[in-house]
Amino acid sequence: MAKHKIFVDGAVGTTGLRIHERLSTQSDIELLALPEHQRKDLSARLAMIAQADLTLLCLPDDAAKEIVALAPKESKICDTSTAHRTQSDWVYGFAELSHQAEKIAQSNRVAVPGCHATGFIALVRPLIEKGALSADYPLICHSLTGYSGGGKSMIAEYQDDTRSVEFDAPRMYGLNLNHKHLPEMMAMTSSSTAPIFTPVVADYYSGMLVTVPLPLSALNAGYTSGEKIASLLSDYYQGKKLVSVHHLNTMPTPMMAANQLSGKDNLEIFVYANANQLVLMALFDNLGKGSSGAAVQCMNMMLGRDETAGLTI
């Protein structure tokens, strides 16, 4: 059996290591690797991209831009950085959005969504697309993530025995109100206004809970109930392997823990409502559907593999 040759450029980072781990068990995948002394050699990396059937970039933004500019146009590249997510000549790698799976399968350039953005888009895009919510409505988004979302340096800080007591408590960040995920959050929902976005990192390894609260009065005629919104979301994601929608006001546990899907690659949506208010919640792993799991899903589709191959659901 012919194997797909895959090069992970940046395999030493959190996302790259997780991708490498997933693909190393796949019988139809051959992982290409450079010797340590060539890991940052631009010429060697470009030669590997040319040799690979697909390359996964797990690099800082500037490094991703640099190598993409020099890579062969025909090479299949899946980029996990922020660099290309809103570029018109790249396909956004959220396969469950309308007609997006076909675009991913046919593209040589796919940008993997950001973790916070994944939850927000999963909740808001269907509402705006289907006319339940106006694109100019001023949204609020709260997002809680495990510390692995900050990469190797933040992981080291949290796991340091001599760390400050401040690390014991949840910490809000992005206080300049200009988080790097905002452009894709707007672009992929067609929202004309950036949401008020409050990300929080807490003392647990992985898992993410993204919440969007709404008054029912914000919804357009025909959708002003929790039942209508739950039904809209359920219909939108019907048949999707990695996204599922729970029935209205489903309470799997007395409290919703953000790490409940840690280690998994799927995303679950919850809708809670009373007579006046609505809360939408997306639960997933920031290292799964929020990064490396989504990258592998996109890779699978670009190569014609089953979209869930190598993933844990």
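A residue is called exposed when its relative accessible area is over 50%, and buried when that area is under 20%. The model described here is predicted. By this cut-off L177 is exposed, because its relative accessible area is 59%. L177 lies in the loop between β8 and α7 (182-187). Its phi is positive, about 55 degrees, although L177 is not a glycine. Another residue with a positive phi is H99, which is not a glycine either and has a phi near 65 degrees. H99 belongs to the loop between β5 and α4 (100-106). A relative accessible area of 59% places H99 in the exposed class.

An open sheet is built from six strands in the order β2-β1-β3-β4-β6-β5, and the pairing is parallel. Its edges are formed by β2 (29-32) and β5 (91-92), each of which pairs on one side only. Within the sheet, β3 (residues 54-57) and β4 (residues 77-79) run parallel and are joined by three bridges.

The UniProt record, an unreviewed entry, places the feature "active site" at C115. In the model, C115 is part of helix α5 (residues 115-129). Its relative accessibility is 14%, so C115 counts as buried. Leaving aside residues up to four places away in sequence, C115 touches H181, M208, F284, N286 and G290.

β10 pairs with β7 in the antiparallel sense, over four bridges. In this pairing L144 has L209 of β10 as its bridge partner. Opposite P213 stands V279 in β13.

Helix α6 (residues 151-158) includes the buried residues G151, I155 and Y158. Viewed down the axis of α6, the buried residues fall within an arc of 65 degrees, and they therefore line one face of the helix. The face turned away from this buried side carries K152 and S153, which are exposed. The buried residues of α6 pack against α1 (14-23), β8 (171-172) and β9 (196-202).

Aromatic rings form five pairs in the structure. One of them joins Y147 and Y158, whose ring centres are 4.7 Å apart and whose planes lie at 5 degrees, so the pair is stacked. This pair links distant parts of the chain: Y147 is in the loop between β7 (140-146) and α6, Y158 is in helix α6, and the two are 11 residues apart. Both Y147 and Y158 are buried. Y158 takes part in a further pair, with F167, in which the centres are 5.0 Å apart and the planes are at 85 degrees. The arrangement of Y158 and F167 is edge-to-face. Y158 counts as buried because its relative accessibility is 4%. F167 has a relative accessibility of 11%, so F167 counts as buried too. Ring pairs link Y147, Y158, F167 and Y205 into a cluster.

Note on methods:
Residues are numbered from 1 along each chain as its sequence is written. This is a predicted model: local features need pLDDT of at least 70, side-chain atom pairs count only at pLDDT 80 or more; totals for chains, interfaces and linings use all residues. Side-chain values use heavy atoms; hydrogens and water are left out. Two strands pair if DSSP finds at least two bridges between them. UniProt positions are given in the numbering used here, feature names are shortened, and annotations may be inferred rather than shown by experiment. Buried means under 20% relative accessible area, exposed over 50%, partly exposed in between (1.4 Å probe, protein chains only). Contact means heavy atoms within 4.5 Å. The arc is that of the directions from the helix axis to the C-beta atoms. Rings of Phe, Tyr and Trp (its six-membered ring) pair if their centres lie within 6.5 Å; planes under 30 degrees apart count as stacked, over 60 as edge-to-face and the rest as tilted.
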